Amino acid sequence: GIQALQFCMLFGNAFSKGYSRFATLHFARGDFDGMNRVLGRGLTLTAALAGLALLFIAILEVFAGKALGVEEHLVSSARWVVLIIGAGYIFDQLVGVFEAPLFVTQKFYVLEIAQVLSRVLAVLGVVLLFRVTTPTIVGWVALTVACTVVLKLLYTIPASLRALPQLRLRFHMPRGPEFKEMAGFSVASLLGSLGFLFFYASSSIVIAHVPELGTSKVLAYNLGQRWDPQVREIVFGFAAGLTPVFTSFHAMRDRTGLRTSFLNSCRHALLLAMLPCLLLFSFASPFMTLWVGSIYASESSRILQLAILNVLISVPAIVGYEVLVGLGRISGVAWAMLAGGIFNIVLGVVLSGTFGLGILGVAISMLVSYSGGACGFILWSVMREVDVSFREFLSKVVIAPVSVWLACGAIAFGLQAYSVPRSWVALGAECAVSAGAFLAGIYAIVLSAEEKANLLTVMHAVFTKIRRYTFGTPPEPVIPD
């Protein structure tokens, strides 16, 4: 039941991306009436989706015992959990249109701050609540949802309305050529999201059903694979913040700005992901040994290395996908993702079963089908759209950062050959040396003079604020007459 609600949320998020993109197009052109009309259609759609979700939740409430497959004494708690999560989902969908101005005006940081605060407050609230009362799943879920609702009402929505004074939300019937285009875009976005999830689900399916492997190998695979989304989320967050920028360039028909922004964003995203990828790839074996023990380390460390390579290779495609979102050219990518997921299953079975590579074959299949296949298609599509040659992409985005990354990887493996880290302190020390070498190399070789100046300005501003908050504002100098 919860998975079904999550699917409804995925469906709602796809339509949210659709009306937010089209609203951004009108906003960039100064057409506020068109922007309000698009968001009004989005409001109508979200209200309809919320009604369907409410119906689904009511059915779950009536048939909770059978639908959720829980024991009789847990049915009451399960009903409350479904009701609370469902109410939170309906609330999120209904207020999603009111949060769209943050997308349109490129103020994603408000959403990020609200998300972090809601999680921190929920954790603190649960800890305090469970110190004075008996811990229950219902209390935990209720407090988590309540923190999100309160922060959206008191912080996110007011900030969103202030960001776009021209917002005038009214219900508009979803019709017309623009709505058909928006609906097609949203469906393509949904298919792309499902295809991405299919990649990760298919790996566990292959492991569980190949006779030579079985469910016992799923744990060893997941221990290494689980670090993939942790690093990937950094890039996703960076790229998602660029979507309205790319959309605005497209709305203003500024192909030069879009092209330059794509190249710079790919390079910056690559630099952002390289440091955690360097440490996790280079120190995979000692890290896994210290974390889960030597029993799983031999297999899981190799899975971790392949998963990290998968993330690193796919970084430019993640940014490229957001460019295609801005251009409204994602239908081909959606089908490529679904086809890649199917190919991943076939190749995984062949490599792990036929060729006897075990779970290593599943990880290699993921690397080939996702990074080599789906992400290769995304990158080719966006380079064709913005007229960037392969040689230019390599020279401006890839060669210098990757050269520094490989050199620092050699340093990391050299440190381990000299002294294998057998404690967290030793591992931390070697990671610090490798990270320092990487940051120094990026600063000296990769960053341009303008980027160095901007970085120093930002660092100076941050340290000034820290000093001011720590020691107070220094007194103004007294100039004698």
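## Helices α14 and α15

In this predicted model, helix α14 spans residues 331–354, and its axis comes within 8 Å of that of α15, with a crossing angle of roughly 160°. Angles over 145 degrees count as roughly antiparallel, and α14 and α15 are therefore roughly antiparallel to each other. Their crossing is right-handed.

On the α14 side, the contact is made by Gly332, Val333, Ala336, Met337, Gly340, Phe343, Asn344, Leu347, Gly348, Leu351 and Ser352. By residue type, the contact of α14 with α15 divides into 14 nonpolar, 8 polar and no charged residues.

Cysteine 375 belongs to helix α15, which covers residues 359–386. With a relative accessible area of 4%, cysteine 375 is buried. Residues up to four places away in sequence aside, cysteine 375 touches Ser314, Ala317 and Tyr370. Arginine 232 is 143 residues from cysteine 375 along the chain, and the C-alpha atoms of the two are separated by 14 Å.

## Helices α10 and α13

Helix α10 (residues 243–251) and helix α13 (residues 294–327) have axes that come within 8 Å and cross at roughly 45°. That angle makes α10 oblique to α13. The crossing of α10 and α13 is right-handed.

Four residues of α10 take part in the contact: Thr243, Phe246, Thr247 and His250. In α13 they meet Val319, Glu322, Val323, Val325, Gly326 and Leu327. The residues of this contact divide into 5 nonpolar, 4 polar and 1 charged.

## Nonpolar cores

The largest nonpolar core has 100 residues, and those with the most contacts inside it are Leu39, Phe262 and Phe393. Helix α13 gives the most to this core, with 16 residues. There is also a second, separate core of 7 residues, among them Ala50, Ala53, Val82 and Ile90.

Leucine 39 touches Tyr19, Ala23, Val97, Ala100, Leu167 and Leu169, leaving out residues up to four places away in sequence. Threonine 46 has a relative accessible area of 2% and is buried.

Leucine 272 sits in helix α11, residues 255–282. It is partly exposed, at a relative accessible area of 38%. Beyond residues up to four places away in sequence, leucine 272 touches Ile234 and Phe238. Glycine 224 is 48 residues from leucine 272 along the chain, with a C-alpha separation of 21 Å.

Helix α12 covers residues 284–292, and its buried residues are Ala284, Pro286, Phe287 and Met288. Glycine 293 follows α12 and has a positive phi, near 95°.

Most residues other than glycine have a negative phi. Glutamine 106 has a positive value, near 60°. It is placed in the loop between α4 (75–104) and α5 (108–132). Glutamine 106 counts as partly exposed, at 39% relative accessibility.

Arginine 253 is not a glycine either, and its phi is positive at about 55°. This residue is found in the loop between α10 and α11. Its relative accessible area is 67%, so arginine 253 is exposed.

Note on methods:
Residues are numbered from 1 along each chain as its sequence is written. This is a predicted model: local features need pLDDT of at least 70, side-chain atom pairs count only at pLDDT 80 or more; totals for chains, interfaces and linings use all residues. Side-chain values use heavy atoms; hydrogens and water are left out. Axes are lines fitted to C-alpha atoms, for helices over the stretch in contact, and angles run from 0 to 180 degrees between N-to-C directions. Helices (H or I, at least four residues) and strands (E, at least two) are DSSP runs, numbered from the N terminus. Angles under 35 degrees count as roughly parallel, over 145 as roughly antiparallel, 65 to 115 as roughly perpendicular and the rest as oblique. A crossing is left-handed if the near helix is turned anticlockwise from the far one by less than a right angle, and right-handed if clockwise. Contact means heavy atoms within 4.5 Å. Ala, Val, Leu, Ile, Met, Phe, Trp, Tyr, Cys and Pro count as nonpolar, Asp, Glu, Lys and Arg as charged, and the others, Gly among them, as polar. A nonpolar core is a set of buried Ala, Val, Leu, Ile, Met, Phe, Trp, Tyr and Cys residues joined through side-chain atoms within 4.5 Å. Buried means under 20% relative accessible area, exposed over 50%, partly exposed in between (1.4 Å probe, protein chains only).
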